[in-house]
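Here's a quick briefing to read with the structure open beside you. Take it one topic at a time and find each piece as you go.

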Amino acid sequence: MLKGARLFLIAIAAILIVVSTTWLLTRPHQPFSADDPRLTPGNAERGRLVFAAGGCASCHASPGQPDRLKLGGDLALASPYGTFRIPNISPDPLAGIGSWSVADLANALVAGVSPSGQHYYPVFPYPSYTAMTLDDIRDLYAFLHTLEPIADRPQPHDLALAFRIRRFVGFWKFLFFHERRSEGLLNGDPVHDRGAYLVEVLGHCAECHSSRNIFGAIKPKTRFAGGVSSEGVGFNPNITPEGIGPWSDNDIVEMLKSGKTPDHGYVGWSMADVIRNTSEISDADRVAISRYLKSLPPRPTPHP
């Protein structure tokens, strides 16, 4: 009897250790506090360029209307896990982010955590945004608060039951998320390194142009080598030198500006919307993007 009771107590203790460890590993982490002196609103005009480079309008603009600065959200994104609905990031205080502080925006972008302390699903590309500079976050905040408040409330996510528990995202972060770390390959050249920031962080290009594992995380060996779209209805191309090696800097800059490709065609589908963003950044930044893309290690295109 004593041996059985001892084994029972050991089992209970082991369960408690596992539960408490799991609870600690998966808890949401907010690295910035509201009174952080570094986080005051920045410059709205610079924030407009951050907004364009980050492609915010592509997901957050209200569907069915032409104004890309009406950020009411509700775009439906299909995935193997269910349908995600993009949130309202207009300055409406109830439906949007009008009540957010700069720290709230920083915690969302850097840590993937909401003001209420919940994990965001990584369909929001914070695994790339996490390395944003605080100046860019401050400026983006200032720009967003110059826009029209939209009172529309997006529909809730429609996910499979197992994926509705946000705490599970903490497991995903433990395995695949590296806060404040960029995958950018820097070499000390200012143009190249600016390109690394634009491609790897603000532009979050790898989020689409890579293949993913069964957990939805990017497979490192396929980074920028192409992958099936998140909706499963197309294949995003290889943008390493293996795929665009023959393209010159001028070819890439022109494509980012007008959508025109070297073979006299034009990009289509979701990339056409991306071009609406990159057409608003400076020529210097488009050159920096080209410089970085052409420096990437060539990788073979994975099979769809």
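The axes of helix α2 (residues 44-53) and helix α6 (residues 134-144) come within 7 Å of each other and cross at roughly 100°. That puts α2 roughly perpendicular to α6, a label used for angles of 65 to 115 degrees. This is a predicted model, where local features need pLDDT of at least 70, side-chain atom pairs count only at pLDDT 80 or more, and totals for chains, interfaces and linings use all residues. Residues are numbered from 1 along each chain as its sequence is written, and side-chain values use heavy atoms, with hydrogens and water left out.

- On the α2 side, the contact (heavy atoms within 4.5 Å) is made by Ala44, Arg46, Gly47, Arg48, Val50 and Phe51.
- On the α6 side, Asp136, Asp139, Leu140, Ala142, Phe143 and Leu144 make the contact.
- Sorted by class, the residues of this α2 and α6 contact come out as 7 nonpolar, 1 polar and 4 charged.
- For those classes, Ala, Val, Leu, Ile, Met, Phe, Trp, Tyr, Cys and Pro count as nonpolar, Asp, Glu, Lys and Arg as charged, and the others, Gly among them, as polar.
- Helices (H or I, at least four residues) and strands (E, at least two) are DSSP runs, numbered from the N terminus.

**A sheet of three strands**

- There are 3 strands in an open sheet, in the order β1-β2-β3, with antiparallel pairing; strands pair if DSSP finds at least two bridges between them.
- β1 and β3 are the edge strands, each pairing on one side only.
- Strand β1 (residues 76-79) pairs with strand β2 (residues 82-85) over 4 bridges, in the antiparallel sense.
- Leu77 has Phe84 in β2 as its bridge partner, while Ala78 has Thr83 in β2.
- Over at strand β3 (residues 158-159), 2 bridges join β2 to β3, and they run antiparallel.
- Here Gly82 stands opposite Leu159 in β3.

**The second largest pocket**

- About 500 Å³ of space lies in the second largest pocket.
- Its lining has 25 residues, and His178, Arg181, Glu183, Ile218 and Arg223 lie nearest the centre of the pocket.
- α5 (126-129), α7 (167-176) and α8 (190-202) each supply at least two residues of this pocket's lining.
- α7 gives the most to that lining, with 3 residues.
- By class, the lining of this pocket has 14 nonpolar, 4 polar and 7 charged residues.
- A pocket is an open set of points on a 1 Å grid over the protein atoms alone, where a 1.4 Å probe fits, with protein on both sides within 12 Å along at least five of seven lines; lining residues have an atom within 4 Å of a point.

- Most residues other than glycine have a negative phi.
- Asp74 isn't a glycine, yet has a positive phi of about 85°; find Asp74 in the loop between α3 (56-60) and β1.
- Arg180 isn't a glycine either, and has a positive phi of about 70°; look for Arg180 in the loop between α7 and α8.

Key
Axes are lines fitted to C-alpha atoms, for helices over the stretch in contact, and angles run from 0 to 180 degrees between N-to-C directions. Angles under 35 degrees count as roughly parallel, over 145 as roughly antiparallel, 65 to 115 as roughly perpendicular and the rest as oblique. Grid points are joined across faces, edges and corners, and a volume is the space filled by probe spheres set on the points.
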